[in-house]
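The report below describes one structure in terms of its confidence, its core, its backbone geometry and the surroundings of its ligand. Please read it alongside the sequence and coordinates.

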Amino acid sequence: MATARFDHATRRFDTSSAPAVDSLDIDIADGEFLVLVGPSGCGKSTSLRMLAGLEPVDSGRVLIDDRDMQRVAPRDRDVAMVFQNYALYPTMTVAQNMGFALRNAGVNKTDIRRQVEEAARILQLEDLLDRKPSQLSGGQRQRVAMGRAIVRRPKVFCMDEPLSNLDAKLRVSTRGEIAGLQRRLGVTTVYVTHDQVEAMTMGTRVAVLDKGVLQQVAAPRELYDRPANAFVAGFIGTPAMNLVEVPVAGGRALVGDAKIDVPASLGGRDRIILGARPEALRLVGAGEPGLELTVDLVEELGAEAFAYGHSDAGDRVAIRLDRGHGTAVGERIRVRHIDAEVHAFDTETGDRID
Ligand code: ATP
């Protein structure tokens with residue numbers, strides 16, 4: 001069991017450009033499942049690799065159990081890494097693959113067997129222990145890779161996009177398995193993904209990075225309900241939150257011809273970015289105030305549907321529709337925000353205005 005901490009951890013590959021990871025500060029509690037998420041190149045893998053000792057920390061520190069890892073070699077950090085390309089040894093059986101690290105560490109055969117069997121039971125690999133990797137499905141191989149990490153009983157699991165080689169269906173079931181497994185084992189876990197759905201469904205907390213800078217770290221629900229800035233607002237949620245720059249006057253925002261209460265201390269601002277999720281918009285009739293849109297696309301997902309449209313000013317807006325909505329491409333619709341569910345962001349910084 002262990003805590004982990006990024007303390008102003010910075011990694012700069014190239015002195016002439018911005019750091020890949022810029023002064024990252026996150027405290028990870030014992031047993032926590034922390035997900036690092038963000039677009040490609042935001043620095044999530046580099047952050048994870050600093051913790052695992054595969055990448056140096058140029059300034060700041062990473063700590064495990066309050067101990068500065070600066071001078072601690074990767075193998076002595078007691079961290080188990082699960083990568084996207086979980087190369088299993090093709091000539092070894094599942095059991096041999098899983099026991100490999102223990103054998104290298106000089107653990108005796110009886111203990112190896114016991115630990116491998118225990119991990120196999122947890123991962124439901126008991127019937128596959130004598131197979132070679134080529135005789136396994138992608139999902140089973142991924143479980144063997146997890147098994148290799150588990151048998152070591154590390155202080156911290158570091159997982160870098162471990163599901164990205166799996167097909168969509170298997171990814172969904174395996175993400176549930178990993179999250180469940182992590183809860184049962186209680187091992188502190190740092191998990192990297194670019195997939196915000198994976199992040200939201202697996203993490204006890206989610207850290208959103210952009211261009212090497214931490215944007216927000218919070219429980220999934222809070223990220224969704226109270227994004228700290230327009231970047232997080234637009235990154236978390238599918239379809240993304242609608243973000244429209246609008247004028248404000250008298251404490252109300254003008255969207256089309258609708259006046260929307262803004263839940264914010266506006267200071268002297270006369271424009272803000274107004275945010276509303278697709279489910280926080282509703283269709284209104286021709287006579288009611290709202291924003292007029294031309295529908296560009298209707299997406300039927302079965303249980304729900306989304307319409308994507310644009311306003312005359314060129315703002316793109318998505319709205320969730322009820323079943324049996326009857327909305328068609330090319331149609332003109334009017335939408336309005338549900339007042340209680342709007343977010344306001346600064347037009348310059350993108351920061352949330354409360
Ligand atoms: P992805 O989702 O695409 O894997 P990421 O968020 O994990 O991206 P990193 O791999 O951490 O991003 O990379 C962060 C930045 O650092 C990127 O701009 C990348 O080009 C740069 N970078 C990463 N590794 C190196 C390296 N070895 N040398 C130089 N630049 C690097």
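Helices (H or I, at least four residues) and strands (E, at least two) are DSSP runs, numbered from the N terminus. Residues are numbered from 1 along each chain as its sequence is written. This is a predicted model, in which local features need pLDDT of at least 70 and side-chain atom pairs count only at pLDDT 80 or more, whereas totals for chains, interfaces and linings use all residues.

The pLDDT, which is the predictor's confidence in each residue on a scale from 0 to 100, has a mean of 92 for the chain, and 99% of the residues reach 70 or more. For the complex, the predictor gives an ipTM of 0.97 together with a pTM of 0.91.

A nonpolar core is understood here as a set of buried Ala, Val, Leu, Ile, Met, Phe, Trp, Tyr and Cys residues joined through C-beta atoms within 7 Å. A residue is buried if 20 or more other C-beta atoms lie within 10 Å of its own, exposed if 12 or fewer, and partly exposed in between, with C-beta atoms placed from the backbone. The largest such core has 92 residues, and Cys158, Val190 and Leu274 are the ones that touch the most other members. Helix H4 (residues 138–151) gives the most to this core, namely 6 residues. At least three residues of the core come from each of domain 1 (4–234) and domain 2 (240–345), the bounds being taken from an automatic or database domain assignment. If residues up to four places away in sequence are left out, Val190 touches Ala4, Ile28, Leu34, Leu36, Leu48, Leu51, Val156 and Cys158, where contact requires C-beta atoms, placed from the backbone, within 7 Å.

| Residue | Phi | Location |
|---|---|---|
| His8 | about 55° | strand E1 (residues 4–11) |

His8 counts as exposed because it has 12 C-beta neighbours inside 10 Å, and Gln124 is exposed with 11 other C-beta atoms within 10 Å. A cis peptide bond, with omega about -10°, joins Thr238 and Pro239, and Pro239 is found in the loop between helix H8 (230–235) and strand E11 (242–249).

Around the ligand are Phe13, Ala20, Gly38, Ser40, Gly41, Cys42, Gly43, Lys44, Ser45, Thr46 and His194, a residue being near a molecule if its C-beta atom, placed from the backbone, lies within 6 Å of it.

Definitions and conventions
Contact = placed C-beta atoms within 7 Å.
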